[in-house]
Amino acid sequence: MIDLEGVTKHYEVGPVLVTALAGIDLHVDTGEFVVVLGASGSGKTTTLNIIGALDVPSSGKVTVGGRDLTTSSRSELFALRRETVSFIFQSFNLFPGLTATENVEFGMDVSGKSGSAEPADILDSVGLGHRLGHFPHELSGGEQQRVAIARALATGNPVLLADEPTGELDFKTGAQILELLAEQANQDRAVLVVTHNREISRMADRVVEMSSGQIISDGPPEGGKTPLSELRW
Amino acid sequence: MWLFRLRWSLRDARKRWIQIVAIGFTLAIGIGLYAGLSSVTQWRLASIDKSLEATSMYDLRATVGEGGDVPAGSLARIASEIDGIDRYNERLLFDTQVETVVEGEELLVHGRIVGMDLSGGEPVVNDVYLIDDAARPVSHSATPQVLVNRGFSTFWDLPASGELTVGGDVGVDYVGSAVSPEFFLIIEGNGSLGRSNLAVLFAPLDAAQDISGRSGVVNDLVLTLEPGADAAAVSQQLIEAAASTDGVLLDVLTREATPSYIGLTGSPEIDQGIYNAISLLLFAGAAFAALNFSARMVEAQRREIGNSMAIGEHPRTIVVRPLLIGLQIGIIGMILGVAVGYAIAFQTVSVVQEVVWLPIFEQSFQAGIYAQAMALGFAVPVLAVLWPVLRAVRVRPVDAIRSSHLASRGGSLGPIISRIPLPGRSLERMPFRNLMRAPRRTFLTLLTFTMSLAIMFAMLGLGSTFTATLDDGNEELLGGEPDRFTVQLDSFYPVNSPQVQDVLTHPTVQLGEPAMVLGADVTAAASDDTADPIRLDLAVRFVDFGSTVWTPTATEGSLSPRSPGIVLADKAARDLGVGVGDDVTVTHPALVDGAFTYSTRTVGVAAIHPHPLRLNAYMDLSQASTWGFGGLANIVTGVPADGSSLNDVKRALFGSGTGVTLVQGLSETFQSLEDSLEQSSSVFVITRIFVIFLVMLIAFNTANINVDERSRDHATMFAYGIPVRRVIANLSVEGLLLGVVAVVLGGLFGYALLLWMALFLMPTAVPDVGMIVSVRWWEMAASFVVALAAIALAPMFPGRKLKKMFIPGQLRVME
Ligand SMILES: Nc1ncnc2c1ncn2[C@@H]1O[C@H](COP(=O)(O)OP(=O)(O)OP(=O)(O)O)[C@@H](O)[C@H]1O
Ligand SMILES: [Mg+2]
């Protein structure tokens, strides 16, 4: 589903050349639940952005859902974002002028999934059934985060990218969200979750660890996949 | 989905309705000014034709030459025998002086009695239109009854009826006001007679004959032609018939050659040129402001646009929401534009009708003009929105969702400027930082302020330029004697003739000097070979260049008595393209063996004089003999003797019966122009009000948008305990920094604009006048201070919004 080959990303800030990605190879199949670990600034978000066609690599090849992103046209990239990937942002990126329900509705509509499910049900599944008509500024950080997740889930796209989806959440809610995301992998989606919480990575099928723009390890979590109930953080 | 978006957009609109309305109003000023003023022109053009028709203005007017007259009925008889004449009326016209008392002050002006059929029976050619259903003057009344021309009675605010004295001692009753097509607009005596100082009185024919003491005679015939009749042939027949039957020479004038008709029908289009320029300027300013603000409103949504892109929304649909805002602005602009247009139109009409009153004035809705203006006003905000949205969807989504100020930085200048170290604490540096953070945005806002201030400067400057032009002109002619006057004689008289000597030696006159004035046709000598050289009709005055009483001022070159050079007005020299030392070709009347002919000679330009009227040219009195007029005079200039007033002189000389046709203060040289400038300047007054309004709106919008754009910054500042007034003060300082630069730039561009308007635009309207550009700096400074104050105070309004801000909510939205 996702294929990165020798992907690099450089930023020029004045005379300084910042290397965000120093050449990474990554393959993720449908049904996989992958956690990306790494210190701050190691290139996690950059990787996700490139997979989500929000950003282009400086070099390398990116294939998502069978489509080569480096050679795709603008409108193909738009279509990819609409139909193939769904993003959960580190900074939630909700529309401040829309209520929780409307934000979800909008996500469904853009991906052409309107009518496939009730936005209210999806919000209910992330524990927000009682905040449907609230605007983002009336919600807590964690609640906003969950609206963002609901919006991504509502699209039903085969690739789910989540950037620190549990950063704002307490253990209980965080666990529920992760469970939800893990379930998505069971429904034949490729799920990529970025975190710097090592504990979370234990529930993944696979853990990809990044450091200074490189993948330093890739494989099942230490001690094997652990059920959610045994995690503690 | 469309409903969804519409709802979303309406929710946006509710949050920003003040801005949307304010931007819409900005546009409306531009739209309204153009549509309103252009409508007035259409109304005038249509109404002039209708009014002329309603009062049956003459097609031809035949006047008995050289002050002569013929028995009543003889001109009518001639007319009745000529084919092609439809209707005709005989009249008796003569000039006189009219005296009355206005608010305790005696008013003595030049007058014209028009004796005609006022019975109201058969419709007559060149009929009067009675104002407010005035009574008709009664024939054969013990005291003659007349109607006063409306222009005069309203200028002086005369009561509806009253008494006047004509010709020095004849008392007449005026029973009301009226207009007649010849005098809708009054331009006479080379522009020295306007509605304020030419009192036209319409009298029954017999009353006019009584007043003039010429019973049973007429001297004028007005007629209309049958459709298809040849005006030239008819006039030729009239002239021939009058010469053979009554032995008199008729001067025949067509309607189209009548100066007041030319002025009347030409002025709407001339005014339209000025209207166009002004409304274009203001529209450009308003459109630019609207463009800037709409763009900034969209810019503030960049992150949202980025979000939409990130979740894959198609650019086509991303555009919809901002576009809806553009549409809302456009619609509000259109609606308010019509309101503003009508307000301006009615205001303008009231002034136009005050100066040139037309009996029929139609004010039909000018759908075409409004459609044009509204289409433009609609396109501006829509384009203004499209442009930044299309730009926003071009950037990579990853940049769009990054925090907004990074994304809107734009250009390579921003990062460089923002690294310049500044003194002071961080809070004090904030306004500078904010300006430098987004140089493009700052530049656009600056440009918007500069444009509107420049227009304001030019409008104010034009007002003072008019005043200065009139004042300087008077100063040049009066030479320190406010009552200097000129006496026009009815013919050329030897200087030692009783006609001239009576004036010179009259006890009410001192410092009298005989002079000659002749019309001449002047072209640049060097332009002989070009196909169509510029040809000016000038009035050449022969005055004694050695005089100690008065000589023209030479701003270039010098006056030397007895030398043959000509002194041209600065404007005339510029129009002809000549300077001191160049030659001009002068075609002038010459007196050879007692007979008039025309002769052409080449004359050097000796000097340039500063009088703004292009018409006035001077030569030394000694040169009159080379034109065959040696020792003759047709005017006398002088000042009232000690103990005498200008009115005393007018009364004494006009009544003396020795060939005096007009006694006039030289300060009245511009009278008709002054009277009609009132009209143009009223437009400038309206515009000025709207420009000031525009500046305020722009200040308001800028502050409002600043507050919206930075709500998160402000929330963060409040969270750190910075008081609201401090934030407002910072916004004011930011506005003032821009404002001060805008004032400097606006002053410079405004001056350039003023020069263009005064030296290029106005001459198309009044080619005879060389505008003297003048700026009243205190007035300018005062209005700039007002503008700056508006800019500095503007953040107070959104300040309320700041006070009410729900800080946690603002901080919470991570968008
Ligand atoms: N637009 C940019 N210009 C310059 N450098 C950038 C830019 N975007 C990212 N970087 C740099 O690239 C590196 C990787 O950034 P990235 O956002 O991928 O880190 P991350 O692993 O997501 O960190 P965190 O856990 O803090 O979110 C960082 O060093 C960052 O400073
Ligand atoms: Mg990150």
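Between which chains does ligand 1 lie? In this predicted model, where local features need pLDDT of at least 70, side-chain atom pairs count only at pLDDT 80 or more and totals for chains, interfaces and linings use all residues, side-chain values use heavy atoms, without hydrogens and water. Residues are numbered from 1 along each chain as its sequence is written, while chains are lettered from A and ligands numbered from 1 in the order in which they are written.

Ligand 1 is located between chains A and B. The shell around it holds 14 residues, of which A:Ser40, A:Gly41, A:Lys44, A:Thr45 and A:Thr46 come nearest (a residue is near if one of its heavy atoms lies within 4 Å). By class, the shell comprises five nonpolar, seven polar and two charged residues (Ala, Val, Leu, Ile, Met, Phe, Trp, Tyr, Cys and Pro count as nonpolar, Asp, Glu, Lys and Arg as charged, and the others, Gly among them, as polar). An oxygen atom of ligand 1 is 2.5 Å from a side-chain N or O atom of A:Ser40, and a distance of 2.5 Å likewise separates a ligand oxygen atom from a side-chain N or O atom of A:Thr46. Of the 630 Å² that ligand 1 exposes when taken alone, the protein buries 71% (Shrake-Rupley method, 1.4 Å probe). Helix α1(A) gives the most to the shell, with three residues (helices are DSSP runs of H or I, at least four residues, numbered from the N terminus).

Elsewhere in chain A, helices α5 (residues 141-155) and α6 (residues 171-186) pack at an angle of about 10°, with their axes 12 Å apart (axes are lines fitted to C-alpha atoms over the stretch in contact, and angles run from 0 to 180 degrees between N-to-C directions). Helix α5(A) is therefore roughly parallel to α6(A) (angles under 35 degrees).

Key
Polar contact = N/O pair within 3.5 Å; in protein donor to acceptor, adjacent residues only side chain to side chain. Helix = DSSP H or I, 4+ residues; strand = E, 2+ residues; numbered from the N terminus. Parallel < 35°, antiparallel > 145°, perpendicular 65-115°, else oblique.
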